[in-house]
Amino acid sequence: MGTTSSKEDEESKSYFAFFDLDHTITKSVSGRELVIGAYKRGLMSRSDLASAILLSLAFRMKLLDPMKAINKMGGWVKGIPTEKMESLCSEVFSEVLLPSVYPQINDEIKLHKEKNARLIILSSSLVYVCRKMSEYLAMDDVICSWLEAVNGILTGQPEGNFCFGEEKSVRLQQYC
């Protein structure tokens, strides 16, 4: 858990500009797109897909605590090798997320760069996706959700907490 910080010029920046990924940088929701991509590629069973849909509905209808839903959703990755997850995220990034980047985000980023801002993606999305987007947009750091792995195999648990809700606020404050 942590950031993908490049701290070499942190002191010279005027201010921080934080950007969420889903519905801020992109029109898409990365988690939903990863689930669809995983199912299509055989990395997710039908029962896991059905569970993800039900958890998503319960979350949207406020029938389930958001953190419980997110932690349960993270369980579908259990047993997947990290390299397969990285490959899935790379494919979903290229095929779905990149084409859904709002055109005006480049102008917004340029504006902040001209004002000497440090640009950070702050998202509940997975690090594999956030890093790709950060590289594409030439941003400075990423604060996001990391998945726990043991011997190159995902455990289905987050590393630390998923970067959502109160945790997002905590990470922002720690970063600043």
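Tutor: Buried stands for under 20% relative accessible area, exposed for over 50%, and partly exposed for what lies in between (1.4 Å probe, protein chains only). The model is a predicted one, in which local features need pLDDT of at least 70 and side-chain atom pairs count only at pLDDT 80 or more, while totals for chains, interfaces and linings use all residues. Residues are numbered from 1 along each chain as its sequence is written, and side-chain values use heavy atoms, with hydrogens and water left out.

A salt bridge here is a side-chain nitrogen of Lys or Arg within 4 Å of a carboxyl oxygen of Asp or Glu. By this rule there are six salt bridges. Helices and strands are DSSP runs numbered from the N terminus (helices H or I, at least four residues; strands E, at least two).

Arg41, Glu91 and Glu95 belong to a network of salt bridges. In the pair of Glu91 and Arg41, N and O are 2.4 Å apart. Glu91 sits in helix α4 (residues 82–97) and Arg41 in the loop between α1 (30–40) and α2 (46–60), so this pair ties together parts that are 50 residues apart in sequence. Glu91 has a relative accessible area of 29% and is partly exposed; Arg41, at 31% relative accessibility, is partly exposed too. Arg41 also forms a salt bridge with Glu95, where the closest N and O atoms are 3.0 Å apart. Because Glu95 lies in helix α4 and Arg41 in the loop between α1 and α2, the pair ties together parts that are 54 residues apart in sequence. Glu95 is exposed, at a relative accessible area of 51%.

Another salt bridge joins the side chains of Glu33 and Arg32, at 3.6 Å from N to O. Glu33 counts as buried with 14% relative accessibility, whereas Arg32 counts as partly exposed with 40%.

Next, the nonpolar surface. Patches consist of residues with over 30% relative accessible area and no salt bridge; like charges are joined within 9 Å, and nonpolar side chains (Val, Leu, Ile, Met, Phe, Trp, Tyr) within 5 Å. Accessible areas come from the Shrake-Rupley method with a 1.4 Å probe, and for residues only the protein chains shown count as cover. A nonpolar patch is formed by Ile53, Leu54, Leu57, Met61 and Leu63, together presenting about 540 Å² of accessible area. Of these, Leu57 lies in helix α2 and is partly exposed, with a relative accessible area of 42%.

Then the aromatic rings. Rings of Phe, Tyr and Trp (its six-membered ring) pair if their centres lie within 6.5 Å; planes under 30 degrees apart count as stacked, over 60 as edge-to-face and the rest as tilted. The structure has four aromatic pairs. Phe16 and Phe18 have ring centres 6.0 Å apart and planes at 75°, so they pair edge-to-face. Phe16 is partly exposed at 28% relative accessible area, and Phe18 is partly exposed at 27%. With Tyr175, Phe16 and Phe18 form one aromatic cluster.

Last, Ser100. This residue lies in the loop between α4 and α5 (104–114) and is buried, with a relative accessible area of 8%. Taking contact as heavy atoms within 4.5 Å, Ser100 touches Ile25, Thr26, Lys27 and Ser28, not counting residues up to four places away in sequence.
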